Amino acid sequence: MARLIRTEKEVEGRYEEVWLVVDEDALEQWPAGPREIVGRPAERVDGLERARGEAVYTADVKLPGMLHTAVLRSPYAHARVARIDVSPALAQPGVHAAIGPADLDQLEEECGYQGTPVAAVCADTYEQARAALAAIDIEWEQLEVVLDPDDAVARKQLVGEPRERARGDYEAGLAEADVVVQGEYRTQVVLHNSMETHQAVVQWLGDTLEVYISTQYIWGIREEISDTLGIPGDKIRVVCHYMGGGFGSKNSPDDFTFIAIELARRTHRPVRCALTRREENLATGNRNATIQRLTIGAKTDGTLTALGGEYVNATGWSGWSSPVEGPMQQLYSCPNVKTTTHAAKINQPPMKAFRAPGFVEGTFGLEALLDVLAAKLEIDPLELRRRNYASSDPGDDRPYSGKNLLECYSRAQPHWDRRHDVRAQSTATVKRGVGMASQVWYGGGGPPSYAWIRVGSDGRATVVTAMQDIGTGSRTAMAQIAAEELGIPLEHVTVTLGDSARGPFASISAGSSTIPSMGPAVRAAAADAKRQILEIAAQRHELDEEQLDIKGGNVVSSDGKLDTPLAELVGLLESAQILGKGARGPNPAGMQVLTFGVQVAEVAVDIETGEVWVERIAAVHDVGRVINPLGAESQIEGGIIQGIGHTLSEQRLHDPRTGQILTTSLDAYKLPTIADVPEIVSELIDEPDAHLTNLGSKGLGEPPIIPTAAAIANAIRDATGAEVHELPITREEMLRALEEAKERERAAAPAGV
Amino acid sequence: MAELTVNGHDYEVHGNVGATLAETLRDELSLTGTKIACGEGHCGACTVLVDGIPTLSCITLVHAVDGAKVTTIEGLRDHPMVHSFVRADALQCGFCTPGQIVSAVALVETKRKPSTEEIRHAMSGNLCRCGAYPKIEEAIRTWQD
């Protein structure tokens, strides 16, 4: 029976209460360990079409008569459009339409950041559209820019209210401490820079709108367009069969989609609006910079008595305040915690979620300062973390649905024990060391999410659901889950996804939620289909269905007398199909569903030049049951490599006087290359979360990027004694930290030495 | 107008003055396996072979390669390197992958068994934001398996 419940829903650490209709999640979890198909490495089911260049991305969608769009964006960090006339653009070659702030809400007159969209032109070719922008008659009035986040906070120029979170008595906890350490940490602006830029192709078919878009959330696109334009949801079809990366930046339609919709409406033609790489670096979101002023108080045995954080998110012109205080609130057992988080509204492009937003930044500060504490107390950093292990949620004492962080620590121990050998390889100028950091994050997913399955008379199955695979391999994981439950070979399962008109509602691919949200729905759908097949088999063969099962694509009886190919049974039905449906059940009530992990980094630092090399990273993560170990390993490696970029090379720079962005190309913005990759060793605990769904699986998209920066910073400290306080750790920052360490040493030396 | 041999077929292409090889391949010949990710020669996604040499097609004017033999990912569909990439899970979103494979094929054409250093050197112009690099290295190391 369908059940109506009120439940908590979490995405990227943000909770809301929602009404939900759930079907009973009656399936028992499979026992732990690899199954026939689930838990064993599988090649991507869509690997070949992607590798061969046959997969059609939004960038490859070409509709008959399609026009191309160029967008006029503010060249200034803060300016007002004093006067604008877009009509001269209409006279330019190839131009079909031109729109400005008067025509569309998403085109703005007050521009709070460089890259704010102001006007748009569509033409037969992109070059024509871009050339026509120059004809737009526009006059700017430049306004004062506010760029310093502390300055913005002082002026109370904020995005939303400050967030205060406290438990216990912070002041008393500090008073109780034997040792107090403090530090200020800063992290930079980091850009998603997905290889496929943000883009959409739209067309009107009568009163129906078709939107081909590079997105992480087909249904979110549909809903936002529906809400904004007042079009019924079922009159909007959103399609994304393949997409070229998102990392959190592609959860909503953004201005470019609304621009394309309006231009298509005016021209009665399909319209593409695709951002260039330069626009991508301006106007598609970022991991915002942070300032973190942190305090830790502890007893001499390492027991934490107080944690305090004054955080500033340099949010940009708009956005939301990422949970940079999350790790301080959640990672360790500490009775007295107080954090304040301000979101500074400054004249910089708006932030967006970026792979574990807030937690990547906050873990860097917290875990770096924890190592300062460990050094002061002369306690082994890994031991210090063990001593402050939280056995229930430190915030509200809720039990964890599953937590294997201690097991992660145990498995990390051999990597941690390498530090003596690693340090011994130091030379006079190149110092080596090892550092570690812990990870906490969400990743439990949640309802609603649905899947359908159809089994044809050839015994093959198709999973139908309107989810998306953003490159994480979720298509493959769904095929594995369906094949496992149905008892048929993986090659006999096809997954169709990526089309809101051709499948039920499916989860967003963000917040490490695709597998934990969608996987249980797919398994439930497969179980529904299998139940029907076994009922049919029981009647056909005059057996009790309790005796029957499907194994390796054959219907078999427990007494071994029946062993017949599934295709023979369902083949009786000719063109008929067996249809199964499944829904994601609720999350366990009253429990905290989180992911955990630890990483150990080995680095080499040239103390003369300040150059840092990451030589090895070992990662141990706990995300419940692993569906595809091969894809999971790729997720971990990818997260760590993005983390290395975040730690050492990536940084969006702006002119401190004008606020204009200086790094708008992949030449200036330094992504990691294959030559920057260290040895990566990864391990997953692979223990199903006994309380979570019929799978016990959590998400793995975000956890691996979280501890990387802190582990590297702590390895640098281990190698050199230098405390880095800023990301990225450029040579300048490294040399500054080395100099500071020398000063500290000199100050600590007894007089006269 | 330029004459090109693309994946063994002869074409007369009409690209406007200033048209790049990437645009011509994608828009005029509908060979969309070649991706444009930055459009300014920084990322390698658009890599094709021009007379056997890996070339950034997004910053190569089509008129500058008049008479050349061009190989795109569509011409390498059955190359063992493609299967090696799939086997090693050397792709995630896949948008950079055709360019990666073209560069990898060019490398093993000159050296059948490249060393790790040679792989890293030859492939460092092909960016992958998903970070499939360890698996890309493995795919190139094991392409003949």
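Thr427(A) counts as exposed because 10 C-beta neighbours lie inside 10 Å of this residue; a residue is exposed with 12 or fewer other C-beta atoms within 10 Å of its own, buried with 20 or more and partly exposed in between, the C-beta atoms being placed from the backbone. Thr427(A) sits in the loop between α13 (419–424) and β18 (430–441) of chain A, where helices (H or I, at least four residues) and strands (E, at least two) are DSSP runs numbered from the N terminus. Its C-alpha atom is separated by 38 Å from that of Gly701(A), 274 residues apart along the chain.

The model is predicted, with pLDDT of at least 70 needed for local features and 80 or more for side-chain atom pairs, while totals for chains, interfaces and linings use all residues. Residues are numbered from 1 along each chain as its sequence is written, and chains are lettered from A and ligands numbered from 1 in the order in which they are written.

Turning to the domains, 36 Å separate the centres of domain 1 and domain 4 of chain A, taken over C-alpha atoms, with bounds from an automatic or database domain assignment. Here 27 residues of domain 1 of chain A are in contact with 25 residues of domain 4 of chain A, contact being C-beta atoms, placed from the backbone, within 7 Å. On the domain 1 side, α15(A) gives the most, with 7 residues.

Between chains, 42 residues of chain A are in contact with 41 residues of chain B. The largest share of the chain A side, 7 residues, comes from α17(A).

Definitions and conventions:
Contact = placed C-beta atoms within 7 Å.
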